[in-house]
Amino acid sequence: MNFFTALYNIILSPISQIIEIAYILFDKLFDNTGIALIGVSMTVTLLCLPLYIVAESWQETERNIQLKMKKEILRIKTAFKGDEQYMILSTYYKQNHYHPIMALRSSFGILIQIPFFFAAYHILSSLPDLHGREFLFIKDMGKPDAIFSINGFAINILPVIMTMINCISGTIYSKGHEIREKIQIYGMACLFLIILYNSPAGLVFYWTMNNIFSLVKNVFYKMKNPLKTLYYFMAALILFVSLYILIIFDRGSFSIRLAAALTLLLLIPVPIYIKGINRLIKNSFSHIFNDSRKRLFLFFTSVIGLAVLCGLTLPSGLISSSVQEFSNIDTYGSPVVFLSSSFWVSFGLIIFWPSCVYFLFKEKVQTVLSFTYSVFFAASLINSFAFAGNYGSMDETLKLIDGFKNPPLLFMVINAFTILFTIILIIFFIRNKMTNIIISLYSAVVFGMVVMTVINVSGISTDYKEYEKTLATKKDTNPKQTKFHLSKDKENIMIFMLDRFASIFVQDILNDQSDIKENFSGFVYYPNCISFNSHTLMAANSIYGGYEYSPYEANKRKNLSIKEKLNEGILVLPKIFTEQAGFNVVLSDISWANSSYTSDMSFISYYDPEKKEIVDNYPNVRGINLLSKYTGEFKKEKLRPEYTEISLSHVIKRNLFWTSLFRVVPSFFRIAVYKNGTWWENGVQKTTSSFPDWFSALYYMEKITDFSSDKPTLSIIANECTHSNEDISMYNIPLNGKISNSLDPAYIIQTVTLKQISQFITFLKENNVYDNTRLILVSDHGIGYRGKNFTTEYIGGYSKDHLNPLLMVKDFYAKDEIKIDNKFMTNADVPFLATKGIIKNPVNPFTENEISEKYKENGVKVTFEELFMTYHSKNQNYFTVPDNSWYTVKDNIFVDSNWTK
C-alpha cells in the first residue's frame with residue numbers, strides 16, 4: 001500500500017463511510033434522492049459543528065490579537081525597513097506571546113471543509129443511485145443539470161446558485177472583518193464554482209445544501225444566545241421527523257419505525273445529558289479531570305487497543321481461518337496485504353480523528369472522551385471474545401452464507417447486562433483514583449493482542465506458502481482451450497453438481513420458463529430426494545462416492561483422515577469407469593478436493609514445471625479448475641454499461657474492517673452493522689459476487705466442449721453459481737416468461753442456471769450426441785427456509801428443505817416428456833445411476849463394497865450439524881457429530897413421521 005492510499009484510509013475513508021451511511025439511512029427513510037442528499041449534508045454539518053465552534057473561537061482570538069497589535073505593527077513597518085524591521089517585529093511578537101504562524105488559525109474554518117469535500121466528491125461523483133434520478137428542476141442527478149444552453153453551450157445553473165449562496169453566507173459571516181478574510185472567502189467560493197461546474201448535479205446539490213446550512217449557521221452566530229436558538233430549532237426538527245416516521249411514513253414495520261422515532265426523540269434532552277455529564281465529571285471523574293497525564297494515558301491506551309483489535313487482531317483471525325479464500329485475489333498474492341487496509345482505516349477512525357477532537361478541546365471534553373473510549377475498548381473485548389456468537393461462514397465478499405440470524409434473546413440480554421456492569425466497574429475505578437490499574441490492564445491486553453496478531457500473520461504466511469506450492473503444480477492453460485472431449489458414438493455421462501440448487505424450485509421454473517421445458521425431454525425429476533447435511537463438506541462427497549461417503553457411514557472408518565476419505569470418494573467413479581469400462585474422465589472444481597475450500601485438483605493431475613507437461617496421477621483421469629477462468633470475458637459481454645465493475649479486493653479491503661465492527665458491537669446491534677450483507681456500502685457489491693466466476697463456466701460450456709473422443713467419457717462438473725444469493729440484474733441475461741419468485745434472488749439465479757443448461761442440451765442435440773449422453777443434475781443440499789412441500793417445515797430448529805436437493809436424470813436415448821417420480825431417493829444414488837447398465841455389479845475400488853441402492857432400504861441417517869469447514873470438526877479422522885444430532889429419514893420425506901431422531 002502506497003503513502004497516498006494509506007493517507008486516504010486514515011483521513012478520508014472514515015468520512016466517506018459516514019457519508020455512505022447517512023445517504024442510505026435518509027434514502028431508506030424518504031425514498032427520495034434529493035432529500036437523502038439534504039440529510040447527508042445536515043449530518044455532516046452537525047458532525048462538524050463542534051469543530052466549527054472551535055474554529056470560530058480560534059478565528060475570533062486571532063482577530064482580537066491582530067486588532068490589538070495592528071496600530072503598533074503599522075508604526076514599526078512605517079518606521080523601519082529590512083532586517084531592522086524584522087528584528088523589531090519579532091521582538092514585539094514575543095512580547096505579546098504571538099507567532100506569525102498563529103495567523104493560520106483564521107483559515108481553520110476553511111481547512112475543515114477540505115477533507116469533507118474530497119470525501120463527498122469521491123462518494124457522490126460516482127454514486128450509482130444518482131443516475132436517472134430527478135429532483136426539483138434537476139432531470140438527472142448523475143449528470144450536470146444543464147438547465148438551458150446558449151449557442152450549444154450547456155449552462156449549469158446549480159453551481160451558480162451554490163456560489164451565490166456561498167457569497168451571501170460569506171458576506172454575513174465576514175461583516176466587520178478585514179478585507180483579507182473577505183478575499184479568502186470569495187476566492188474559495190469561485191474556486192468551488194470552477195471545480196464543481198461540470199460535476200454531477202447530485203454532488204453540486206449536496207455542496208449547495210452545505211452552503212445553505214453554513215448560511216443558517218452564520219445567521220445563528222449573529223443572534224443573541226445562538227446555541228439556545230439552535231437547540232430549539234433542532235428540537236423542533238427532530239420532533240417533526242419523528243412524527244413523520246410514525247404517522248406519514250408507511251414503509252417498514254411499525255416496530256422499526258417506532259424504534260427509529262424513539263432514538264431521535266432521545267436526542268431532545270441534550271441539555272439534561274450535558275448537566276449529567278458535568279455532574280459526573282465533578283463527582284466521579286475529578287481524578288482524571290485534574291490529571292492531564294492520566295487522562296491522556298487512559299485515552300491513548302483505549303484508542304490504540306481498540307484500533308489494534310479492529311484493524312489487526314480480529315481481521316487477521318478471520319483471514320487465518322481460511323487463508324485460501326483471501327489468497328490471489330485480483331493483483332494481490334498473500335492476503336496479509338488486506339490487513340494494512342483494515343489497520344489504516346481503523347487508525348483513522350479510532351485514533352486519528354478522535355485524537356484531533358481530543359487536542360482541539362479542553363479538559364472537560366478530554367475527560368469525556370477518555371472515559372467513553374475506555375468503555376468502548378472494554379465492551380469491545382467482551383463482545384468480541386465472550387459474546388462472539390455463531391453466525392456461520394462468510395463468502396468471499398464477507399457476506400454470511402446462510403444469512404444473518406439473531407442469537408437467542410437470553411444471550412443478548414446477558415450481553416447487555418455485562419456491558420452495563422463493565423461501565424459501572426470503570427466508573428468505580430476512576431472515581432476511586434485507580435485509573436492506573438485500568439491503564440496497566442489495557443496496556444497488557446494491547447500487548448497480548450499484538451502477540452496474537454503476530455501469531456495469526458505468521459500462520460497466514462505459512463499457509464499461503466503451502467498454497468503457493470499447490471498452485472505451482474498447476475499450469476495456467478489457455479482458458480479457451482477445449483476442456484471436455486465427448487464422443488459422437490460412444491457413451492457420455494455428464495454429472496452437474498449444482499451447489500445448493502433447491503429441488504423445491506424445479507417445477508416452478510419449468511412452468512415459468514415454458515420455452516425450456518421441452519428441452520428436458522427424457523428427464524426424470526425426483527422431488528422426494530434427501531441429502532445428508534445442509535453444508536457441502538458433509539453433503540457432497542456421497543454424490544461422488546456413494547453411501548459409504550455419507551457422514552454417518554464415513555465416520556465408521558476412523559482409520560482414515562477426513563481428507564483421505566474426501567479424496568477417496570472423489571475417485572470412486574473415475575477409477576470404476578477408467579479401470580472397468582475404458583472411459584476417459586474429466587473432473588472439474590470438485591467440492592473439497594484435497595480437503596481444500598477452493599477445489600485443489602492437483603492430487604489428480606498437475607503441471608510439472610520441469611517436464612513442462614501435465615502429469616496425471618491416475619490414468620485417463622484429468623482434474624481441472626474452471627472457477628474464474630472466464631469471468632473477465634463474461635463481464636465484458638454481459639455486464640450492463642450503466643454498472644461499473646468493482647474489484648473483489650476493493651470489497652474485502654473495505655469490509656474487513658466492518659466485520660471487526662460486527663464483532664465488537666453488542667450482539668443486539670449486529671443486525672444493524674451487517675445490514676443484509678451490504679455493510680452499509682451503497683450498490684457497490686452488486687458486481688463483486690461469486691456468481692459470474694462460476695456461471696461463466698456454464699455460459700461458455702459450448703466453447704470448451706468438442707466431440708473428438710474415441711472413448712466413452714465421464715465428466716463431473718461442480719459449479720457453485722447456484723449458491724449465490726446476489727442480485728444479478730446488472731448482467732444482461734434475458735429471462736422469458738413470468739418469474740414466480742421474482743423477489744427471491746436465489747430463485748432467479750437457479751432459473752438462469754437451468755436455462756443455461758437447457759441451452760447446452762440444445763447444443764448436444766444439434767451435434768447429435770444427446771441420445772448417447774446420460775445427464776445427471778444434482779445438488780449437495782437444498783437452500784433452506786422455503787420448505788412449502790413439508791407438512792412441518794422445521795425439525796429441531798432447522799429447515800427440512802435444507803436437506804432436499806435437486807435430482808434430475810436423463811438416461812441414454814430417453815426422449816419422452818419430463819416425468820416426476822416420487823420414489824425415495826438420495827443424492828448418494830448418483831454413482832448407482834451413473835454406472836447403471838454400463839458396468840455390471842460395480843464395486844467401490846477402495847472398499848470392494850457393492851455400489852447399489854440397498855443402503856437406503858431402512859432409511860438413511862442425516863444431520864443438520866454445523867460442520868461446514870474441516871477445522872470445525874474436533875477430530876481429523878471423523879466428523880464430530882453428537883449422537884443426538886442424527887435423524888433417520890425414510891420413504892416420503894415430506895411426511896413428519898418419517899423423520900426419526
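Visitor: In this predicted model, are F285 and F371 buried or exposed?
Guide: The model is predicted, and local features are taken where pLDDT is at least 70. Buried stands for under 20% relative accessible area. Both F285 and F371 fall in that class: they are buried.

Visitor: How are the rings of F285 and F371 arranged?
Guide: Their centres lie 4.6 Å apart, within the 6.5 Å needed for a pair. Planes under 30 degrees apart would count as stacked and planes over 60 as edge-to-face. The planes of F285 and F371 stand at 35°, so the pair is tilted.

Visitor: Which parts does the pair of F285 and F371 tie together, and how many residues apart are they in sequence?
Guide: F285 belongs to the loop between α10 (270–283) and α11 (286–289). F371 belongs to helix α14 (residues 363–386). The pair therefore ties together parts whose separation in sequence is 86 residues.

Visitor: What is the geometry of the aromatic pair F404 and F662?
Guide: The distance from centre to centre is 6.0 Å. The angle between the planes is 90°, and angles over 60 degrees belong to one class. The pair of F404 and F662 is edge-to-face.

Visitor: How many residues apart in sequence are the parts tied together by F404 and F662?
Guide: F404 sits in the loop between α14 and α15 (409–431). F662 sits in helix α24 (residues 648–664). The pair thus joins parts of the chain with a sequence separation of 258 residues.

Visitor: Are F404 and F662 buried or exposed?
Guide: The limit for buried is under 20% relative accessible area. F404 has 19%, so F404 is buried. F662 has 5%, so F662 too counts as buried.

Visitor: How many aromatic pairs does the structure hold, and which residues form one aromatic cluster?
Guide: The structure holds 47 aromatic pairs. One cluster is formed by Y630, F634, F691, F695, Y699, Y700 and Y731.

Visitor: Which charged residue sits over the ring of Y552?
Guide: For a charge over a ring, NZ of Lys or CZ of Arg must be within 6 Å of the ring centre. The charged end over Y552 is 5.0 Å from the centre of the ring. The residue that carries this charged end is K861.

Visitor: At what distance from the ring centre does K810 lie over the face of Y770?
Guide: The ring in question belongs to Y770, and K810 lies over its face. The distance from the ring centre is 4.1 Å.

Visitor: Which element supplies the largest share of the lining of the second largest cavity?
Guide: This cavity has about 80 Å³ of space, in a structure with four cavities of 30 Å³ or more. Its lining includes L537, Y549, K565 and F879. Both α19 (536–539) and α22 (562–581) supply at least two residues of that lining. The largest share, three residues, comes from α22.

Visitor: How do the residues of that lining divide into nonpolar, polar and charged?
Guide: Tyr counts as nonpolar here, and Lys as charged. The lining of the second largest cavity has eight nonpolar, three polar and one charged.

Visitor: Which backbone oxygen does the side chain of S873 reach?
Guide: S873 is placed in the loop between β19 (860–863) and β20 (886–889). Its relative accessible area is 9%, so S873 is buried. At 3.0 Å, its side chain reaches the backbone oxygen of N875.

Visitor: Is K433, with its positive phi, buried or exposed?
Guide: Most residues other than glycine have a negative phi. K433 has a phi near 55°, and its place is in the loop between α15 and α16 (435–472). Its relative accessible area is 63%, and over 50% is the cut-off, so K433 is exposed.

Visitor: What is the phi of Y813?
Guide: Y813 is in the loop between β16 (807–810) and β17 (819–820). At 55% relative accessibility, Y813 counts as exposed. Y813 is not a glycine, yet its phi is positive, at about 60°.

Visitor: How many helices and strands make up the secondary structure of the protein, and what part of its residues count as buried?
Guide: The secondary structure comes to 28 helices and 21 strands. Of the 901 residues, the part that counts as buried is 52%.

Definitions and conventions
Residues numbered from 1 in each chain as written. Heavy atoms only, no water. 1 Å grid on protein atoms, 1.4 Å probe; cavity = no way out; pocket = protein on both sides within 12 Å on 5 of 7 lines; lining within 4 Å. Points joined across faces, edges and corners; volume = space filled by probe spheres on them. Helix = DSSP H or I, 4+ residues; strand = E, 2+ residues; numbered from the N terminus. Buried < 20%, exposed > 50% of the residue type's maximum accessible area, 1.4 Å probe, protein only. Lys NZ or Arg CZ within 6 Å of the ring centre and 35° of its normal. Polar contact = N/O pair within 3.5 Å; in protein donor to acceptor, adjacent residues only side chain to side chain.
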